[in-house]
Amino acid sequence: MNSTTLQPIFRTENRPTTAVQRFRQPADIFEALFQSIQGGETHARPTLDLTPDSPFLPFLEIGYALRACLEKPARHDYLLQRLRPHLSVMIGSLPASILPMGMLPKLAPLPGFRRLEDIGDDEIHDWLIQEGGLIYGEMQRFELENYFDAVKPFLPPGGVMVDLGSGLGKVVMTAALTLPFIRCVGVELLNYRHRLAQERLVRLLTLARQGLDALPERLTLDTPLKLPSGVMTTGQHLLELGARIAFIENDMFKVDVRGASLVFLYSTCFGPLMDAISNKLARELPEGALVSTTTYPIKHPAFRLLQTYAPGTLSWTSVMIYQRVGPQMAQPASEARYLHQPDIDAWEARVREELVAMTGGV
Ligand SMILES: C[S@@+](CC[C@H](N)C(=O)[O-])C[C@H]1O[C@@H](n2cnc3c(N)ncnc32)[C@H](O)[C@@H]1O
């Protein structure tokens with residue numbers, strides 16, 4: 001299939017939902033399962049309200065203290081000094097919410113907000129983790145429906161789906177419910193996000209079990225089953241859901257994806273990593289495997305662009321679908337050569353460059 005493929009008509013918002021009260025048929029189980037994995041998609045990055053009763057006041061206070069340092073070149077050294085111990089919980093160079101387009105209001109700080117000197121290291125650490133939760137977007141349910149409609153025509157039946165940077169796990173679980181993948185695997189670096197994904201998975205599987213037990217007609221491994229995507233499969237799909245989903249806590253550059261038929265990358269926050277990711281995927285993926293990215297393209301010659309979806313069509317961000325072309329490379333698979341956590345010197349050099357570009361000096 002090439003890039004002239006007919007494009008599906010995309011949804012632009014979530015359908016209204018009502019909580020599932022009874023499990024009369026498998027479709028009720030699917031609906032309840034989808035509902036159970038929603039939430040976490042804060043990618044719209046609204047500007048936070050600065051009012052004395054805002055629930056984000058503690059977050060805003062620390063954000064303001066960091067941003068005040070960012071705005072004054074004479075304070076850049078101090079900003080780097082305070083961020084340096086926390087690289088393991090930071091993705092990218094500088095916390096996104098303190099950047100000019102970030103979530104902090106442009107207003108002056110409230111009286112009583114502390115300076116960075118008065119804020120402890122533990123508080124900065126926790127703030128960065130909270131920031132990750134606010135910044136990292138997840139596609140909403142209708143966007144994921146659009147996404148799987150878009151990749152479906154290119155995918156052979158079965159196969160293994162991998163989400164590199166799987167966050168709270170919604171994409172992986174949606175994939176496992178929507179299409180007959182043999183296995184869906186999420187790889188997440190940050191422990192707390194991996195933990196949240198696992199908690200969601202436990203909830204999902206408990207609910208699936210309750211739904212299956214409540215069906216008036218028992219589903220067997222061979223019962224024909226229509227998936228939410230319209231694809232026909234068998235009861236095995238739901239009965240063995242748990243065996244088809246896995247979350248791995250690791251750096252994506254340490255995990256071998258040689259068996260994958262679809263690699264999903266919510267790469268909007270992976271700008272500086274794109275070349276390293278493309279090299280890894282070129283080394284490991286077999287011919288024909290699909291890779292999708294958001295915002296950033298893959299520029300490696302081992303990938304052919306199949307489709308581009310402009311922002312606001314499939315999702316709020318642009319989405320590109322690629323296919324691995326050419327024979328598999330002989331090189332060894334992943335080793336820990338490109339860790340997410342940049343070495344401190346590389347991080348510092350990049351931040352200094354960005355600060356100069358933003359404010360005219362360090
Ligand atoms: C934008 S979120 C996407 C979450 C999920 N894939 C989704 O689309 O809903 C990106 C995730 O990638 C994770 N991440 C960043 N660098 C990573 C790395 N080197 N290895 C694994 N995960 C990483 C972040 O912690 C974050 O949870």
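**Buried helices, aromatic pairs and a parallel strand pair**

Tyrosine 147 and phenylalanine 148 are both buried, where buried means under 20% relative accessible area, exposed over 50% and partly exposed in between (1.4 Å probe, protein chains only). The model is predicted, so local features need pLDDT of at least 70 and side-chain atom pairs count only at pLDDT 80 or more, while totals for chains, interfaces and linings use all residues. Residues are numbered from 1 along each chain as its sequence is written, and side-chain values use heavy atoms, with hydrogens and water left out.

The secondary structure of the chain comes to 10 helices and 9 strands; helices (H or I, at least four residues) and strands (E, at least two) are DSSP runs, numbered from the N terminus. Of the 362 residues in the chain, 50% are buried. The chain exposes about 16,700 Å², of which carbon and sulfur atoms supply 56%; these areas come from the Shrake-Rupley method with a 1.4 Å probe, and for residues only the protein chains shown count as cover. Contacts (heavy atoms within 4.5 Å) were also counted along the sequence. Among those between residues at least 6 apart, 75% join residues at least 24 apart.

Helix α5 (residues 141-151) is mostly covered, with 10 of its 11 residues buried. Among them are Arg141, Glu143 and Glu145, together with Phe142, Leu144 and Val151. The cover over the buried residues of α5 includes the helices α1 (26-36) and α6 (170-178) and the strands β6 (262-264), β7 (290-294), β8 (303-309) and β9 (319-324). In α1, the buried residues include Asp28, Ile29, Phe30 and Leu33. The buried residues of α1 pack against α5, α6, α7 (191-214), β3 (224-226) and α8 (236-239).

The structure holds 5 aromatic pairs. Rings of Phe, Tyr and Trp (its six-membered ring) pair if their centres lie within 6.5 Å; planes under 30 degrees apart count as stacked, over 60 as edge-to-face and the rest as tilted. Phenylalanine 59 and tryptophan 127 form a stacked pair, at 4.9 Å centre to centre and 15° between the planes. Because phenylalanine 59 lies in helix α2 (residues 57-71) and tryptophan 127 in helix α4 (residues 121-135), this pair ties together parts that are 68 residues apart in sequence. Phenylalanine 59 has 1% relative accessibility and therefore counts as buried; tryptophan 127, at 2%, counts as buried too. The rings of tyrosine 147 and phenylalanine 148 have centres 4.9 Å apart and planes at 80°, so this pair is edge-to-face. Tyr147 and Phe148 form one aromatic cluster with Phe264.

A charge also sits over a ring, a term that requires NZ of Lys or CZ of Arg within 6 Å of the ring centre and within 35 degrees of the ring normal. Arginine 67 lies over the face of tyrosine 64, at 4.9 Å from the ring centre.

Strand β1 (residues 160-164) has 4 of its 5 residues buried and is therefore largely enclosed by the rest of the structure. Strands β1 and β2 (residues 183-188) run parallel and are joined by 5 bridges; two strands pair if DSSP finds at least two bridges between them. The bridge partner of methionine 161 is cysteine 184 in β2. Cysteine 184 is at 0% relative accessibility and so counts as buried. Cysteine 69, at 0% relative accessibility, also counts as buried. The structure holds 0 disulfides, a disulfide being a pair of cysteine sulfur atoms within 2.5 Å.
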